[in-house]
Amino acid sequence: MLAMDQGVVEEWLSEFKTLPDSAISTYAASLRDKGVLVPALYKVIRENYSDLLEPVCHQLFEFYRSGVPQLQRFTLQFLPELLWSLLSVSAARDPHTSGCIEALLLGIYNLEIVDKDGQSKILSFTVPSLSKPSVYHEPSAIGSIALTEGALANHGLSRVVYSGPHLQRETFTAQNRFEVLTFLLLCYNAALSYMTSTSLQSLCQLSSRVCICGYPRQQMRRYKGISTRLTVTSEFLVQLITGIHYALCNGEVELGSKALDDVLYRAQLELFPEALLVGNAIKSSLHGAALKSNNKEGARSIQVEITPTSSRISRNAVTSLSIRGHRWKRHESQEVSVDSDAAMGGVAIPEISVTGASSERMVNGESLRPRPDGRTQIDGDALGASSEVSLEARSHESNTRSQEVRRQKSVRRMVENESSGLASTGRSQY
């Protein structure tokens, strides 16, 4: 470590100790402007035998315990490098050099699992429904979903997954190590949009090293670090993939692609279904996409493909024209006829149409023409055409129908009168 970097770190350590409580917020905002401080702190963390490692870890913990969001995010940006230092030292079986890093990570973990009142937190996660659109999918792109009884019962219901309460940890053991580290990565992923490009690069390097150390791919990657295989869990790899996905979409295309391939390589060897599912899904969604390789300082985001909405209207859509056409079709089908053989006296009554509609109309954009047998034929050439019935035409046809109904009633009365007259004449003659 250079003397200049050591001087920057020592100045940073002494500066915070002399700050009053009222100046902490201003100090937290000014940390972003100290460009030489962050690289110097990375060098301290990477040197396990540095004399500044213990005071640096203590100061980072004080930052996190202060509760100021800017100071907490400043500490979180070093989390991938801290995790790798802990895992590499554990693999080398030299725990004495990682005591301060263990204390820092356990302190952050114990602070995050409780709320302000000291009660255990229970985290909740809502699982999205495939029947509702999200930033990751469109229901129309999936295809038709069978409307079974179970699907209808679950429609609109949101599945909520809970995590916690988590136990307090005082030391790392082989049983709880990855439980604590997975939770810390969850906290890191929650603040991904605030992480610098250096932190995202460190996350990608952590993912590759953890997954390939001790395996044949280590020679292919030409990594000359530790050669001991590190034990991992499926949940830990899923959290790594989440951070890699964000790094891929925000400038770290080369490192992110290698890290994703290495995590999938390890997940295949370990047969971790959750990590394989999430990793392959992200890899498929990014296949052929134009990632922002040069935009490292722009707006932070995750790139997804959204299916464009269709502007077409279905032919079966219910519109005012289709409702009007349905009404005309119903009226035209109601034809009233009186059978002359059923009437007494043998008076022939002609068949009367109530509607008296014209021989050609438009129903839902289709031309209707009468056939010789009295049925209605749909003209396919006129399919898709539209017509509007004017108010005057509708009024005229309504009057025509009323006149025909009155005419029909008068003919019926005449038939009834003649029938009753014939009956009374017959009685009198009898």
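In this predicted model, helix α6, residues 79–91, packs with helix α7, residues 99–112, at an angle of about 130°, and their axes are 10 Å apart. Because angles over 145 degrees would count as roughly antiparallel and 65 to 115 as roughly perpendicular, α6 is oblique to α7. The crossing in which α6 passes α7 is left-handed. On the α6 side, the residues that meet α7 are Leu79, Leu82, Leu83, Ser85 and Leu86. Their partners in α7 are Ile101, Glu102, Leu104 and Leu105. Sorted by class, this contact of α6 with α7 has seven nonpolar residues, one polar residue and one charged residue.

Helix α6 also holds Trp84. Trp84 has a relative accessibility of 8%, so the residue counts as buried, the limit being under 20%. Leaving out residues up to four places away in sequence, Trp84 touches Leu206, Arg209, Val210, Cys213, Tyr223, Ile226 and Leu230. The C-alpha atom of Trp84 is separated by 9.9 Å from that of Ile45, and the two residues are 39 apart along the chain.

The buried residues are Leu37, Val38, Ala40, Leu41, Tyr42, Val44 and Ile45. What do these buried residues of α3 pack against? They pack against α1 (3–17), α4 (53–65), α5 (69–76), α6 and α11 (197–212).

Thr75 lies in helix α5. With 1% relative accessibility, Thr75 counts as buried. Apart from neighbours within four places in sequence, Thr75 is in contact with Leu60, Phe63, Tyr64 and Ile108. Glu54, in turn, is placed in helix α4. Is Glu54 buried or exposed? Glu54 has a relative accessibility of 57%, and therefore counts as exposed, for which the value must be over 50%. The C-alpha atoms of Glu54 and Val44 are separated by 9.6 Å, and these residues are 10 apart along the chain.

The crossing of α13 past α15 is left-handed. From α13, the contact is made by Ser234, Leu237, Val238, Ile241 and His245. From α15, it is made by Glu274, Ala275, Val278, Gly279 and Ile282. The residues of this contact of α13 with α15 divide by class into six nonpolar, three polar and one charged.

Leu271 is found in the loop between α14 (253–270) and α15. Its phi is near 60°, a positive value in a residue other than glycine. Leu271 has a relative accessible area of 67% and is exposed.

The next residue belongs to a strand. Arg159 has its place in strand β2, residues 159–163. Which residues does Arg159 touch, not counting residues up to four places away in sequence? Arg159 touches Phe125, Thr126 and Val127. The C-alpha atoms of Arg159 and Val127 are separated by 5.3 Å, while the residues are 32 apart along the chain. Arg159 has 60% relative accessibility, and so counts as exposed.

Finally, the chain can be described by its totals. The protein chain has 17 helices and five strands. Of its 430 residues, 36% count as buried. The accessible surface of the chain comes to about 26,200 Å², and 52% of that surface belongs to carbon and sulfur atoms. Among contacts between residues at least 6 apart in sequence, 70% join residues at least 24 apart.

Definitions and conventions:
Residues are numbered from 1 along each chain as its sequence is written. This is a predicted model: local features need pLDDT of at least 70, side-chain atom pairs count only at pLDDT 80 or more; totals for chains, interfaces and linings use all residues. Side-chain values use heavy atoms; hydrogens and water are left out. Helices (H or I, at least four residues) and strands (E, at least two) are DSSP runs, numbered from the N terminus. Buried means under 20% relative accessible area, exposed over 50%, partly exposed in between (1.4 Å probe, protein chains only). Contact means heavy atoms within 4.5 Å. Accessible areas come from the Shrake-Rupley method with a 1.4 Å probe; for residues, only the protein chains shown count as cover. Axes are lines fitted to C-alpha atoms, for helices over the stretch in contact, and angles run from 0 to 180 degrees between N-to-C directions. Angles under 35 degrees count as roughly parallel, over 145 as roughly antiparallel, 65 to 115 as roughly perpendicular and the rest as oblique. A crossing is left-handed if the near helix is turned anticlockwise from the far one by less than a right angle, and right-handed if clockwise. Ala, Val, Leu, Ile, Met, Phe, Trp, Tyr, Cys and Pro count as nonpolar, Asp, Glu, Lys and Arg as charged, and the others, Gly among them, as polar.
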